[in-house]
Amino acid sequence: MYLGKVIGSVVSTKKDESMRGRKLLMVRPMLVDPEDPSKFKPGSNTIIAIDTLGAGEGELVMLAQGSSARQAEGLKQLPVDAAIVGLIDTVSIGGKKTYEAKNS
Amino acid sequence: MYLGKVIGSVVSTKKDESMRGRKLLMVRPMLVDPEDPSKFKPGSNTIIAIDTLGAGEGELVMLAQGSSARQAEGLKQLPVDAAIVGLIDTVSIGGKKTYEAKNS
Amino acid sequence: MYLGKVIGSVVSTKKDESMRGRKLLMVRPMLVDPEDPSKFKPGSNTIIAIDTLGAGEGELVMLAQGSSARQAEGLKQLPVDAAIVGLIDTVSIGGKKTYEAKNS
Amino acid sequence: MYLGKVIGSVVSTKKDESMRGRKLLMVRPMLVDPEDPSKFKPGSNTIIAIDTLGAGEGELVMLAQGSSARQAEGLKQLPVDAAIVGLIDTVSIGGKKTYEAKNS
Amino acid sequence: MYLGKVIGSVVSTKKDESMRGRKLLMVRPMLVDPEDPSKFKPGSNTIIAIDTLGAGEGELVMLAQGSSARQAEGLKQLPVDAAIVGLIDTVSIGGKKTYEAKNS
């Protein structure tokens, strides 16, 4: 899995029938910066992920990809290759807390 | 999943028997630009995707990859690793609509 | 899937038993050039793909990867992650034919 | 699989139900340096991996990705695409030991 | 699949139970050089692959990745995402033999 930040959303009316009613969020991967591990470095790509946990814009989430995304609650038969499988409370690197969710 | 723009098509007469009659579209991934999130940045690679939704050239679509592509309607047993699973109506980033389909 | 050009072949006598007698072709991915979409840009990587369609050196082919490659005719139980699933007749980008196979 | 170094951890209270109680470690891939194979070169990305072996911060581990991660002990039905499947004792390159775990 | 060169090995005593007794080799991917296709260009990453064919250090091998690696002889239930599925005898590019194993 990897960290990502919810930066927006996507609306698609005409889509695979099995995805009807699913919330589609735009997520940018966030990596621990090799130069300064107390910070995150945004990835250059963006992912459309299915959300089943009620993630909000700006939140840091955990993403699963590929067939693993389909193991998330209720996604078994869907043509989805990216799902938000966790909302992040804290990230600790080298023994120090480098991220804490505002509402946690 | 990720965003892509349909830029063309491919014809292959001699192909895996199970793919007979399938429409093969050439798609370029489109990423939310890290510099200016109101714009998209074209990816450097191009993908041949199976289309089951009637996507047209120039349209922004949602792609699924790998085994997840085979979960799309009618693709279960096909040797396909990329499928168009949605036509995009709107994309919103940071609360602002950054894309709206012409015919939506 | 993606486009590739057959650039050579590989011989492996000692290989997984299930792959006995299979033709192994060396393929270089070909991408639609973002600068000039009427041309292809060779990828920097090279792939060994199983061929079940009789592709020849120099031919443009369609490749499937990962578990999807195993869905191709006769490859279900093989440890193969890349297969040639189509020979390309034509590629059209932006309404113009940018590739046509010699013998098509 | 590939080598990785445990650099931290992640806490996620609200996550896919099946992942409850699982330890989530932040891991940076470590590659054998092409310039000097006696050293490792940190990857630029970071991965959240499930740990079932009790890996500690700073340890060198072996990671499996994708559906293969779900084959690890007890992870069959989880939406996880990365798992620590081994703790590294030694790495030998070109006949020389280039890494030895402190407690091995 | 892709070409790789065995550059070393890894020892892991504490690992997923199903991997007990398996030989773990460190492999660097080898690509056909786009500049000079008679040569190989080492990849920048390194992979830990399960070996079931008795590959030796310095040998050129064929690797399978992802779920395909688990289709190799005896690896069905293992958490492995990379396996050596062939030892390379010869590679031919553009009609010329560019590699021949010493003992072939």
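Start at the N terminus of chain A and follow its elements: they run β-β-β-β-β-β-β-β. That makes eight strands and zero helices; here strands are DSSP runs of E with at least two residues, helices are runs of H or I with at least four, and both are numbered from the N terminus. Chain A has a radius of gyration of 14 Å, close to the 13 Å from the globule rule for 104 residues, so it is as compact as a globular protein of that length. That radius is taken over C-alpha atoms, and the rule is 2.2 Å times the number of residues to the power 0.38.

Keep in mind that this is a predicted model, where local features need pLDDT of at least 70, side-chain atom pairs count only at pLDDT 80 or more, and totals for chains, interfaces and linings use all residues. Residues are numbered from 1 along each chain as its sequence is written, chains are lettered from A and ligands numbered from 1 in the order in which they are written, and side-chain values use heavy atoms, without hydrogens and water.

Back to the shape: the C-alpha trace of chain A spans about 45 × 25 × 25 Å along its principal axes. Of its 104 residues, 59% count as buried (under 20% relative accessible area, with a 1.4 Å probe and protein chains only). Now look at contacts, meaning heavy atoms within 4.5 Å. Among those in chain A with a separation of 6 or more, 53% come from residues 24 or more positions apart.

What about the neighbours? Chain B and chain D share no contact, and their closest C-alpha atoms lie 10 Å apart. Chain C and chain D have no contact joining them either, with closest C-alpha atoms 10 Å apart.

Methods. Buried means under 20% relative accessible area, exposed over 50%, partly exposed in between (1.4 Å probe, protein chains only).
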